[in-house]
Amino acid sequence: MPVVRQLITLAIETSCDDTSVAVLETARRNGTSQDQRAAILHFHEKVTADNARFRGVHPIVALESHNKQLAPLVAEALRNSPSPDQGSPSISIRSPSGWLEKSKPDFISVTRGPGMLSSLNTGLNTAKGLATAWQVPLVGVNHMLAHALTPRLVHALETENNERLSPEFPFLTLLVSGGHTMLVHSKALTHHAILANTMDIAIGDCIDKMARHILPVGVIEDSAEMMYGRLLEHFAFPNGPSDHRYIAPRTRAEDLSQKPSIWGWALTAPLSRTRSGSRSKDMAFSFAGLGSAIERICHRIETAMTLDERRDVAREAFRVAFEHLASRVLMALQQLKKAETADTEEMGTLVVSGGVASNRFLRTVLRSFLDIRGFAHIRLVFPPTSLCTDNAAMIAWTGTEMYKAGYETDLSCGALRKWSIDPSAEGGGILGVDGWKMK
Ligand code: AMP
Ligand code: ZN
């Protein structure tokens with residue numbers, strides 16, 4: 001059998017404060033090799049800028065970190081690239097032990113947007129330099145599309161070359177991170193509809209703020225953990241899922257009803273009561289009110305608050321935040337079901353990604369909610385957290401899917417601060433921007 005060369009891409013991600021580089025090989029082989037996986041990650045590293053002194057990402061600190069980290073990471077990626085097949089293009093790499101022959105990437109994948117322009121430009125200019133020097137195509141990747149396609153990368157890394165990619169389109173993604181709270185309906189590679197977005201702050205941001213109020217004095221200071229959400233989960237449920245004891249509400253009225261605590265306070269579901277009336281049917285998320293309510297509860301009774309009460313506040317805060325997410329997922333599924341025709345594919349999968357997706361209570365709430373409300377057949381997929389947070393592997397994968405579909409990006413392209421994945425949004429979605437070239 002003839003050897004069919006693999007597709008290899010070198011990918012760069014610098015949209016925010018993570019500098020990440022990956023080398024991904026996707027199989028186009030036909031049984032000549034032992035390793036039959038659909039995708040192989042030869043190299044994947046990331047360095048996060050030290051923003052600890054600032055409450056959030058500082059653009060100059062991020063830029064300095066990209067400037068310092070990116071070139072050495074690319075050099076390391078090349079040293080870890082696969083050796084070339086006989087007769088296929090190669091590059092000579094200098095290493096401490098002498099010159100190495102490595103496969104020349106078939107194309108370069110790079111995050112083009114959305115993100116901070118200064119950060120994006122560091123990666124984009126390096127990618128253009130590599131593409132020019134090696135005379136290979138460039139693929140400018142949409143960062144949000146890459147988050148949405150991550151479960152397909154995970155499947156390809158774990159599966160045989162000849163299996164169908166999973167999840168197949170269409171699928172839903174709930175992206176819950178420090179910067180996003182979004183429900184996305186992915187219909188095809190370049191066609192994604194944003195069904196709900198946050199009206200104020202992201203859920204991860206809200207959880208981090210709540211953690212600062214709820215956790216007993218010293219817990220944050222004494223911990224090396226930067227993810228306050230993880231600390232709060234551990235505090236709320238020290239024994240893990242056996243502490244969950246959760247039963248999902250059976251009806252919409254139950255979703256919205258307050259559940260007074262034994263301590264005298266009660267939390268209100270977001271968007272259930274606002275000055276402009278109930279917005280409980282809005283396809284939107286809101287977390288600012290929940291954060292303020294927690295601050296009020298914790299400050300009113302701070303001195304007298306026992307550990308047990310703090311734990312109850314933490315559990316209730318998680319319950320209300322996660323049921324709010326579940327209520328919009330449910331509404332979306334109900335609407336999609338209503339709109340189903342003989343020609344539309346039935347929705348079968350909900351992907352939950354982003355840092356907050358690692359919360360095990362969120363998994364319990366979503367599963368129970370969907371089961372009790374008639375959507376037990378919906379499969380929940382949680383990609384590993386390392387691939388849910390910003391990383392270059394997802395850029396490599398998305399670059400590869402776009403490249404295989406025939407898309408390349410012109411070397412004159414610029415970085416994009418805003419770039420929606422939804423074709424109905426201003427800008428026209430993934431394909432609405434300039435710079436695309438069809439192969
Ligand atoms: P990301 O923006 O995807 O890197 O995710 C970071 C956010 O996820 C931060 O706001 C974290 O506090 C939050 N997070 C991480 N682990 C957990 C967890 N176990 N429970 C809740 N939130 C979490
Ligand atoms: Zn991201």
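How many residues surround ligand 1, and which are the closest? The shell holds 16 residues, and the closest are Gly178, Asp208, Glu233, Gly355 and Asn359. A residue counts as near the ligand if one of its heavy atoms lies within 4 Å of it.

This is a predicted model: local features need pLDDT of at least 70, side-chain atom pairs count only at pLDDT 80 or more, and totals for chains, interfaces and linings use all residues. Residues are numbered from 1 along each chain as its sequence is written, chains are lettered from A and ligands numbered from 1 in the order in which they are written, and side-chain values use heavy atoms, with hydrogens and water left out.

**The ligand site**

Polar contacts are pairs of N or O atoms within 3.5 Å; within protein, one atom must be able to donate a hydrogen and the other to accept it, and residues adjacent in sequence count only if both atoms are side-chain atoms.

| Residue | Protein atom | Distance to an oxygen atom of ligand 1 |
|---|---|---|
| Gly178 | polar backbone atom | 2.8 Å |
| Asp208 | polar side-chain atom | 2.5 Å |
| Gly355 | backbone N or O atom | 2.9 Å |

On its own, ligand 1 has 500 Å² of accessible area, and the protein covers 88% of that. Such areas come from the Shrake-Rupley method with a 1.4 Å probe; for residues, only the protein chains shown count as cover.

Two helices, α4 (203-214) and α5 (228-236), each supply at least two residues of the shell. The biggest share comes from α5, with four residues. Helices (H or I, at least four residues) and strands (E, at least two) are DSSP runs, numbered from the N terminus. By class, the shell has four nonpolar, nine polar and three charged residues. Here Ala, Val, Leu, Ile, Met, Phe, Trp, Tyr, Cys and Pro are nonpolar, Asp, Glu, Lys and Arg are charged, and the others, Gly among them, are polar.

**Backbone features in loops**

The loop between α3 (143-158) and β8 (171-176) holds Pro167. Pro170 is in the loop between α3 and β8 too. A cis peptide bond joins Ser166 to Pro167, with omega about -5°. The bond from Phe169 to Pro170 is also cis, with omega near 0°.

Gln135, in the loop between α2 (117-134) and β7 (138-142), is not a glycine, yet has a positive phi near 55°. Its relative accessible area is 66%, so Gln135 is exposed. Arg245 sits between α5 and α6 (252-256), again in a loop. Its phi is positive, about 40°, although Arg245 is not a glycine. Arg245 is exposed, at 65% relative accessible area. Exposed means over 50%, buried under 20%, and partly exposed in between (1.4 Å probe, protein chains only).
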